[in-house]
Amino acid sequence: MHALNGGAGRRMAGTAVTAAIGAALLLPAVPASAAQATPVTGVGNAVAVQAAQAPTAPAVAAKGSEYKYHYTYRVIRKTTPAEVSFKKMNKIMNGVFPIKGMPKTVKKNQKICLKMVKDCNPVRVTAVGKTYFTLKSLPGHLEGAGKIITFKLVKKNGYLVLDVSAHGPKAVWQKHPITDKSNRLFARGMWGAYAVNLAKAAEYNLV
């Protein structure tokens with residue numbers, strides 16, 4: 001667990017390196033339109049996935065003023081229920097979340113300063129359930145206020161899966177097709193790094 005809290009995972013948090021590693025090591029993202037119909041493919045071990053899987057195209061950018069994506073990542077083969085894994089994860093959140101600033105445990109109505117590019121990208125925890133938590137970006141956040149993002153652990157075909165969905169108004173810089181696509185690619189890789197960290201924690205039965 002020391003490596004998760006103080007080692008490479010933390011040093012990479014909030015950087016483009018984190019996003020690149022997440023995109024390369026974990027599973028292809030599933031577009032929101034196909035998330036329910038298309039099973040996540042690959043193997044449970046992150047390193048094996050790197051050798052066996054080539055990433056597919058990210059979710060198609062939402063049209064208009066809405067910012068929206070939905071990515072899923074198979075983490076590891078796991079027999080315990082998702083509720084058990086989530087409960088464990090929410091005791092070491094600062095060790096597995098790929099952006100600095102998260103507390104050890106997320107609770108509803110918490111205000112958190114995520115440290116990525118800016119020293120403080122404020123978000124509020126709007127919901128915490130048995131298998132998920134939801135963050136809402138606040139004024140002063142790099143991506144603008146009003147973004148809603150939900151992180152959920154689910155079980156699919158014997159595997160623990162990280163499901164990430166986001167929506168909200170686009171910031172001005174996200175309305176350009178190039179910056180919008182780049183932002184989605186970065187998000188895809190960043191949450192892939194989150195899944196990598198979860199896989200590492202699961203090896204020690206911490207998730």
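Ser137 lies in strand β4, which spans residues 132-137; strands are DSSP runs of E with at least two residues, and helices are runs of H or I with at least four, both numbered from the N terminus. The model is predicted, so local features need pLDDT of at least 70 and side-chain atom pairs count only at pLDDT 80 or more, while totals for chains, interfaces and linings use all residues. Residues are numbered from 1 along each chain as its sequence is written, and side-chain values use heavy atoms, without hydrogens or water.

Ser137 is buried, because its relative accessibility is 5% (buried, under 20% relative accessible area; exposed, over 50%; partly exposed, in between; 1.4 Å probe, protein chains only). Its side chain reaches the backbone nitrogen of Lys147 at 2.8 Å. Beyond neighbours within four places in sequence, Ser137 is in contact (heavy atoms within 4.5 Å) with Pro122, Val123, Gly144, Ala145, Gly146 and Lys147.

We turn next to the core. The largest nonpolar core has 40 residues, and Met89, Phe97, Phe133, Trp191 and Tyr194 touch the most other members. Helix α7 (residues 177-203) gives the most to this core, with nine residues. Such a core is a set of buried Ala, Val, Leu, Ile, Met, Phe, Trp, Tyr and Cys residues joined through side-chain atoms within 4.5 Å. Apart from neighbours within four places in sequence, the contacts of Met89 are Val96, Phe133, Leu153, Tyr194, Leu198, Leu206 and Val207.

The structure holds one disulfide (cysteine sulfur atoms within 2.5 Å), which joins Cys113 to Cys120 with an S to S distance of 2.1 Å. The link is left-handed, with -60° about the S-S bond. Cys113 is partly exposed at 33% relative accessibility, and Cys120 is partly exposed at 29%.

How values were computed. Polar contact = N/O pair within 3.5 Å; in protein donor to acceptor, adjacent residues only side chain to side chain.
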